[in-house]
Structure formats: structure tokens, C-alpha cells
Amino acid sequence: MNINASSASSLPIEEKIRYARELFDRGGETLLREPSVTKLLAILDRNIAASQEAMVRFGIVDACRHCEEEEGGSCCGAGIENRYNPILLLMNLLMSRDLPEKRQWENSCFFLGENGCRLKARHILCINYLCLRVQKMLPPNDLIALQTITGEEMDTIFLLHETVKKILNKNIR
Ligand code: SF4
Ligand code: SF4
């Protein structure tokens with residue numbers, strides 16, 4: 001199987017999810033036996049926890065909650081899910097995070113749930129995004145500290161994505 005994530009980029013999100021599940025069924029065991037993959041999954045797990053902790057510590061979680069509860073909604077709009085490809089979705093399955101069957105709110109991203117994003121391994125666009133309000137709210141030193149922490153998560157996402165793609169292309173026919 002030639003895993004060309006970009007060739008799947010125009011598929012509807014439901015098709016990409018189906019494709020990711022198929023990849024997991026066919027290659028999940030192989031991938032989870034690869035030390036390069038398990039090592040990166042463990043690093044990503046730590047990176048995600050560090051990013052989440054920083055978002056709480058710097059007050060961003062509170063700001064977003066206020067925004068959602070008082071001002072009518074999150075910035076996770078419909079269409080952002082189209083940035084995701086099957087490999088990135090597969091990475092969620094490898095991290096034991098199931099993928100949703102359907103969109104919860106018509107005008108929101110397919111992956112937005114009651115408690116925020118339902119994904120664990122997220123697109124760089126989602127990890128990196130800070131609205132103007134949050135950018136203005138944070139002192140420069142905090143902003144730099146946050147970007148350093150989320151930068152590590154983005155680096156690991158990229159490395160794991162490329163590693164998974166390479167292994168699937170070599171092993172799954
Ligand atoms: S990132 Fe900004 S716009 Fe989006 S929910 Fe948080 S505060 Fe609101
Ligand atoms: S953070 Fe999650 S819910 Fe929000 S836009 Fe990104 S994938 Fe969608």
C-alpha cells in the first residue's frame with residue numbers, strides 16, 4: 001500500500017477516518033512493535049501533557065472556557081477537520097484515542113466535543129493557534145515559554161508522522 005497522505009487530502013473526513021481505521025487494522029500491530037514508534041509515542045504523550053499543563057498554568061484554558069460559555073463558542077470552526085490526513089488520525093488510534101463517528105455541532109470542527117477537542121494527536125495548526133486575545137493577555141516571557149513547550153509537541157508530531165508513514169509504506173502491501 002502506498003501511503004500517500006496528500007493523495008487523501010481531498011477525501012471527506014468520514015472517509016479519512018475509515019481509511020485511518022483500515023490502516024490501524026492492517027498495520028497497527030506492526031507499528032506498535034517498532035521501537036522507533038513506541039519511543040516517539042511516549043515522548044508525544046509527555047509533550048501533550050506538558051502543553052496541557054502550560055495552557056492551564058498560563059490561564060488559556062480559563063480564557064477559552066469564558067469565551068465558549070459567555071461569548072457563544074469556540075474558535076474550532078467547521079472545516080478545520082479537513083486539514084487532517086489519515087496518518088495523523090491513525091496516530092490517535094495508536095495512542096488509544098478513538099475517532100468520533102459524527103460531528104456534534106453543525107458549525108464546529110468535526111472533532112470538537114463537549115469537553116473540547118476529541119483528538120490527542122492534533123494538527124500543527126491546532127497546536128500552534130493562539131487568538132489575538134490570548135496573545136495580548138500573555139506577558140512576552142509566558143508567550144515564549146508556551147511556544148517553546150508547544151514547539152516540542154509539534155516537532156514530535158512531525159517526526160512520528162514521518163516515521164509511521166515510512167514504516168507503513170515498507171510493510172503494508
Ligand atoms: S483561543 Fe481565543 S477565540 Fe478561541 S476559544 Fe480560546 S479565547 Fe476564544
Ligand atoms: S483543536 Fe480539535 S476541535 Fe479544535 S479545530 Fe483542532 S481538531 Fe478541531
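Predicted model: local features only at pLDDT ≥ 70, side-chain atom pairs only at ≥ 80, totals over all residues.
Local features required pLDDT of at least 70 and side-chain atom pairs pLDDT 80 or more, whereas totals for chains, interfaces and linings use all residues. Residues are numbered from 1 along each chain as its sequence is written, and side-chain values use heavy atoms, with hydrogens and water left out.

The axes of helix H1 (residues 13-33) and helix H7 (residues 140-171) come within 10 Å and cross at roughly 105°, and the two helices are therefore roughly perpendicular to each other (65 to 115 degrees). In this contact (heavy atoms within 4.5 Å), Leu23, Gly27, Thr30 and Leu31 of H1 meet Val164, Ile167, Leu168 and Asn171 of H7. The residues involved comprise five nonpolar, three polar and no charged, where Ala, Val, Leu, Ile, Met, Phe, Trp, Tyr, Cys and Pro count as nonpolar, Asp, Glu, Lys and Arg as charged, and the others, Gly among them, as polar.

In the loop between helix H4 (86-94) and strand E1 (112-113) lies Ser96, which has a positive phi of about 60° although it is not a glycine. Ser96 is exposed, with a relative accessible area of 69% (exposed means over 50%, with a 1.4 Å probe and protein chains only).

The lining of the largest pocket divides into 24 nonpolar, seven polar and eight charged residues. Helix H3 (60-70) is among the elements that each supply at least two lining residues, and H3 gives the most, with seven residues.

Notes: Chains lettered and ligands numbered in written order. Axes fitted to C-alpha atoms, helices over the stretch in contact; angles between N-to-C directions. Helix = DSSP H or I, 4+ residues; strand = E, 2+ residues; numbered from the N terminus. Parallel < 35°, antiparallel > 145°, perpendicular 65-115°, else oblique. Buried < 20%, exposed > 50% of the residue type's maximum accessible area, 1.4 Å probe, protein only.
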